[in-house]
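Student: Before we go into any detail, please show me the model and then take me through it feature by feature.

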Amino acid sequence: MLKGGCFCGQIRYEADGTPCNETSCHCAICRRTTGAAFVTWFSMRRAQFRIVSGEPKRFKSTANATRSFCAVCGTQLTFETEDYPDEIDVTTCSLDDPESVPPKDHTYTRSRLGWIKLSDQLPQHQKARTP
Ligand SMILES: [Zn+2]
Ligand SMILES: [Zn+2]
């Protein structure tokens, strides 16, 4: 079972099952909503993800996508899009053990900041991963 939560500890989550779509996303929305140069995510089945304490604040980051974060400390936690109603994306670095779910590629590198130099040899996708 994967466990994680926000920086201040008010919000805790758990997830069963196997993560997928592990990626570091360089899109401008991830960047601007976190204040970080890029954000690493993994996906789970929505039915296997649960908040076990606290109540994340939610906001629409695009017309069909909702993100959640801790309203006390600001940690961004999840991303859900109507395009994939069975999936929820979770920020890898909100896990208690981010080392256990490393990214497998980079996405939206067309938006990558020029001073981020990628040398990890992972595949890079200009936009979303192409299936
Ligand atoms: Zn918090
Ligand atoms: Zn993104």
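**Burial and overall form**

Tutor: Of the 131 residues of the protein, 30% count as buried. A residue is buried if 20 or more other C-beta atoms lie within 10 Å of its own, exposed if 12 or fewer, and partly exposed in between, with C-beta atoms placed from the backbone. This is a predicted model: local features need pLDDT of at least 70, side-chain atom pairs count only at pLDDT 80 or more, and totals for chains, interfaces and linings use all residues. Residues are numbered from 1 along each chain as its sequence is written, while chains are lettered from A and ligands numbered from 1 in the order in which they are written.

Student: What does the radius of gyration say about the 131 residues?

Tutor: The radius is taken over C-alpha atoms, and the globule rule is 2.2 Å times the number of residues to the power 0.38. For 131 residues a compact globule would have a radius near 14 Å, and the protein agrees, with 14 Å. Along the principal axes, its C-alpha atoms fill a box of roughly 40 × 30 × 25 Å.

Student: What share of the contacts joins residues at least 24 apart?

Tutor: Two residues are in contact if their C-beta atoms, placed from the backbone, lie within 7 Å. Among contacts between residues at least 6 apart in sequence, 53% join residues at least 24 apart.

Student: How many helices and strands are there in the protein?

Tutor: Helices (H or I, at least four residues) and strands (E, at least two) are DSSP runs, numbered from the N terminus. The protein has 1 helix and 10 strands, and the elements run β-β-β-α-β-β-β-β-β-β-β from the N terminus on.

Student: Where does UniProt place the CENP-V/GFA domain?

Tutor: UniProt positions are given in the numbering used here, feature names are shortened, and annotations may be inferred rather than shown by experiment. The unreviewed UniProt entry places "domain: CENP-V/GFA" at residues 2-105. That span is 7% helix and 47% strand, and its end C-alpha atoms lie 21 Å apart.

**The sheets**

Student: Which strand order does the sheet of 7 strands have?

Tutor: Two strands pair if DSSP finds at least two bridges between them. The open sheet of 7 strands has the order 6-7-8-9-4-3-10, with mixed pairing. Its edge strands, each pairing on one side only, are strand 6 (57-62) and strand 10 (105-107). Axes are lines fitted to C-alpha atoms, for helices over the stretch in contact, and angles run from 0 to 180 degrees between N-to-C directions. With direction ignored, neighbouring strands of this sheet are turned by 30 degrees against each other on average. Within the sheet, strand 4 (residues 39-45) and strand 9 (residues 87-91) run antiparallel and are joined by 5 bridges. Ser-43 has Asp-89 in strand 9 as its bridge partner.

Student: And what is the order of the sheet of 3 strands?

Tutor: This open sheet has the order 1-2-5, with antiparallel pairing. Strand 1 and strand 5 are the edge strands, each pairing on one side only.

Student: How many bridges hold strand 2 to strand 5?

Tutor: Strand 2 is joined to strand 5 (residues 49-53) by 4 bridges, and the two run antiparallel. Glu-14 stands opposite Arg-50 in strand 5. Strand 1 (residues 2-5) also pairs with strand 2 in the antiparallel sense, over 4 bridges. In that pairing Leu-2 stands opposite Ala-15, and Gly-5 stands opposite Arg-12. The two strands form a hairpin with 6 residues between them, and Gly-9 in the turn has a positive phi of about 90 degrees.

Student: Where is phi positive in a residue other than glycine?

Tutor: Most residues other than glycine have a negative phi. Asn-21 has a positive phi, near 55 degrees, and its place is in strand 3 (residues 20-25). Tyr-108 also has a positive phi near 55 degrees, and lies in the segment after strand 10.

Student: Why is Tyr-108 classed as buried?

Tutor: Tyr-108 is buried because 22 other C-beta atoms lie within 10 Å. Asn-21 has 17 within 10 Å, so Asn-21 is partly exposed. Lys-117, found in the segment after strand 10, is exposed because it has 7 other C-beta atoms within 10 Å. The C-alpha atoms of Lys-117 and Asp-86 are separated by 34 Å, with the two residues 31 apart along the chain.
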